Amino acid sequence: MAVSNPIALLLTVCFLGFYVPAMSLASSSDKFLLCLSIHVPSQLVLTPTSPSFKPLLVSSIRNAKFVAPATARPPLCILTPTKASHVQAAVRCGRYHGVRLRVRSGGHDNEGLSYRSQRPEVFAVVDLAKLDAVRVDPRGATAWVDSGATIGELYYAVAKAAPGLGFPAGVCPTIGVGGHFSGGGVGLMMRKYGLSADNILDATIVDADGKLLQGKEAIGDDLFWAIRGGGGGSFGIVLSWKVRLVPVPPKVTYFSVTKTMNQGAVDAVTKWQKVAPALPDDLSVRVVVQKRQANFQSMYLGNCSAVVRTLHRRFPELGVTRADCREMSWLQYVAYLYFGDAINSAPLEVLLLNRTMPLGPFVKNKSDYVRKSFTKKTWQKIFTWPSGAAEGELILEPHGGRMSTIADADTPYPHRSGVLYNIQYVQLWNSNGAGGNNSTPNWINGLYDFMAPFVTKNPRAAYANYKDLDLGVNKVVGGVTTYESGKVWGERYFGGNFRRLAMIKRKVDGHDYFRNEQSVPPLLLIRQ
């Protein structure tokens, strides 16, 4: 009978000072689950045999297109951590037993990669929804916000604890902070204060070795740069962020003006392209183009009279009047932009703190950036583009202002000086309508192809938070994602910053543990 080697036994059960069980006859999945059970309370780990598993899996899926794929090939388990050590355990157990992690904060990932895998691989989901604290420092005009909080929760906490302060982020209140910040974070105050990522001061992260790195000094300059806009799911699991809060006046102004083609919508949007990026930076006017009409929506950090005067002078074609305006607090504004008149019948906390949203239709998103205005002829073609049975819209978000003064390399988000606006293409359909179940109807792809000559080129840029697997997916060779395959889509999201991101990936996760279909690959030395 062989005598066991005590050194070998020690290596079997210890990993980075972390106990893992020795189960030579069990599968790697069983070993991973046993490892988790030792370090995480059982009620925080749900497997497919639990009756609560499927409801939790689909609870924050925002795109009906991904319900069937996510449930047909479900994760090994869903971990709902309540403290940092639980996340560390997931990483260490996963690394040791060959189980990769997908990390979900709000579930708005356009391609569902935070909770599903297109590849036949064993993976677990770390759902951060229980790590949702927001701690506001009114005197310092800062806040620490956990990645599992939604931006609605962040907005509400800031406004209640520090009247007169706000934070620049997106429109939908159920967006998770973790994913939103990781991809940049565009919003209607970015012309005044930059992206969400431009206002991140510090962070806490669990790295690819399962170490807890608290603060910039521990994180290091390169990794701290990468997590502020370099995309989620590549460098570690950010648990919390320290953000700079920004001044907002007692009243802000919203207006909404809709023009049909007969009312001059094409002329107005053609003019908007040059006007909107050059407006005062405390005024942002975005456009939603849908059903042959254009809806102009504003955020102005001031009163109605001032914005009407400005637009009469700079954009008379819009014809804004006081009757189009609505003055309200900043908190009311962020709720109204999404919920509309529901803010008159429901308390703001009920609206903004509600994480549960009804499952919507099937959705496909794409994005573009524009540096040269489209001609009127081009807009006429866009407005009359046939939509068939599906419903599609374009959302035009102006840049300029503060966005133009930040260098392309200051954060991974490179779409700065010279960008007039970005375009989000949104196509909505139902399972019985155009395109069948999971196939995307033709409207969005046809219009996207038509736009190619008019938008940015070499590369054709896209926004990382409007993730689009049509741009390319990673190829794995020898257990590591190839840089060449990542570059196909990566340079479209990150431009010249992609190479630096890949070099940082090699430094902090050279074995490519945090990996998905569009995660940043490590730039190996042999390929430099």
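**Entry 1: helix on the sheet.** I began with helix α6 (residues 151-161), which lies across β7 and β8 (142-146) and runs at about 30 degrees to β7. Contact here means heavy atoms within 4.5 Å. Helices (H or I, at least four residues) and strands (E, at least two) are DSSP runs, numbered from the N terminus. Axes are lines fitted to C-alpha atoms, for helices over the stretch in contact, and angles run from 0 to 180 degrees between N-to-C directions.

**Entry 2: ground rules.** This is a predicted model, where local features need pLDDT of at least 70 and side-chain atom pairs count only at pLDDT 80 or more, while totals for chains, interfaces and linings use all residues. Residues are numbered from 1 along each chain as its sequence is written, and side-chain values use heavy atoms, with hydrogens and water left out.

**Entry 3: the sheet.** I traced the strand order as β7-β8-β12-β10-β11, an open sheet of five strands with antiparallel pairing. Two strands pair if DSSP finds at least two bridges between them. β7 (134-137) and β11 (212-214) are the edges; each has a single partner strand, so one side of each lacks a neighbour in the sheet. On average, neighbouring strands are turned by 15 degrees against each other, direction ignored.

I then checked one pair. β10 (residues 200-206) and β12 (residues 237-244) run antiparallel and are joined by six bridges. Which residue of β12 is the bridge partner of A203? I found W241.

Helix α5 (residues 84-97) lies across β10, β11 and β12, at about 140 degrees to β12.

**Entry 4: α6 against α13.** Back to α6. Helix α13 (residues 330-339) packs on α6 at an angle of about 160 degrees, with the axes 9 Å apart. That makes the two helices, α6 and α13, roughly antiparallel (over 145 degrees). From α6 I listed Y155, Y156, A159 and K160; from α13, W330, L331 and V334. These contact residues divide into six nonpolar, no polar and one charged. Ala, Val, Leu, Ile, Met, Phe, Trp, Tyr, Cys and Pro count as nonpolar, Asp, Glu, Lys and Arg as charged, and the others, Gly among them, as polar.

**Entry 5: L501.** I placed L501 in helix α18 (residues 497-509). Is L501 buried or exposed? L501 counts as buried, because its relative accessibility is 0%; buried means under 20% relative accessible area (1.4 Å probe, protein chains only). Leaving out residues up to four places away in sequence, L501 touches W225, A226, G230, F235, P412, F494 and V520.

How values were computed. Buried < 20%, exposed > 50% of the residue type's maximum accessible area, 1.4 Å probe, protein only. Parallel < 35°, antiparallel > 145°, perpendicular 65-115°, else oblique.
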